[in-house]
Amino acid sequence: FDPFAYSHGAASGLWQFTAPMAKHFGLKMNWWYDGRRDTIAATNAALDYLTSLNQMFEGDWLLALAAYNAGQGTVRKAIKYNTRKGQPTNYQALNLRKETEHYVPKLFALRNIIQDPDKFGVTLPVIANKPHFEIINLPGQIDLLQFAEQSEVELAPLQHLNAGFRRWATSPDGPHRLLVPLSSDMTKIAETLARIETGPKN
């Protein structure tokens, strides 16, 4: 849930995309903007990636998830090795690095805890099953601090929701949208956007 997360392997964002994989799935990265940290763009890219991996490994989600962590080439190589040795090629039989061997079981462990927290003595925070943010369209590049002050949207949640923007302003090349907390005063936001100074919308 941390869009600013950055791994030792140079993966970034909620879905931990590396730069090459991000570009392959259409995520833009430049001085102004990093699509890997964009909640909407990165989530759509991750869904596309997981879908393609699931198809690549013929519907086997364990292999698909392992490939999401280790890379599809690594998993294919492990499958080919086992095939040559006449060994099973299911996820449990593959010789993968420890991080990947632990990655898939951890996901299932999280699922089990979320499904039945009492069974594991865990108290989870209550998260309402409703949207958390509103998407607003921008007339062009805007200063985020100026927008926050004029619309009375708190800067910290605004920056968290829009972590894809790497600077003090939105990108001149887009995306020309902003996520704001659902509790925001939309009338005040509309008034702010109507008068705020904007850069060119490329």
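This is a predicted model: local features need pLDDT of at least 70, side-chain atom pairs count only at pLDDT 80 or more; totals for chains, interfaces and linings use all residues.

Analyst: Residues are numbered from 1 along each chain as its sequence is written, and side-chain values use heavy atoms, with hydrogens and water left out.

User: How much space lies in the largest cavity?

Analyst: On a 1 Å grid over the protein atoms alone, a cavity is a set of points where a 1.4 Å probe fits but cannot get out, and lining residues have an atom within 4 Å of a point. A volume is the space filled by probe spheres set on the points, which are joined across faces, edges and corners. Among the residues lining the largest cavity are Asp38, Thr39 and Arg177. Its space comes to about 40 Å³.

User: Which element gives the largest share of the lining of the largest pocket?

Analyst: A pocket is an open set with protein on both sides within 12 Å along at least five of seven lines. The largest pocket holds about 1400 Å³. Of its 38 lining residues, Gly13, Leu14, Trp15, Gln16 and Tyr103 are the closest to its centre. Six residues, the largest share of the lining, come from helix 5.

User: Which backbone nitrogen does a side-chain oxygen of Asp38 reach at the start of helix 2?

Analyst: Helices are DSSP runs (H or I, at least four residues), numbered from the N terminus. Helix 2 covers residues 39–56. At its start, the Asp38 oxygen comes to within 3.0 Å of the backbone nitrogen of Ile40.

Definitions and conventions
Helices (H or I, at least four residues) and strands (E, at least two) are DSSP runs, numbered from the N terminus. The expected span of a helix is 1.5 Å times one less than its number of residues. A polar contact is a pair of N or O atoms within 3.5 Å; within protein, one must be able to donate a hydrogen and the other to accept it, and residues adjacent in sequence count only if both atoms are side-chain atoms.
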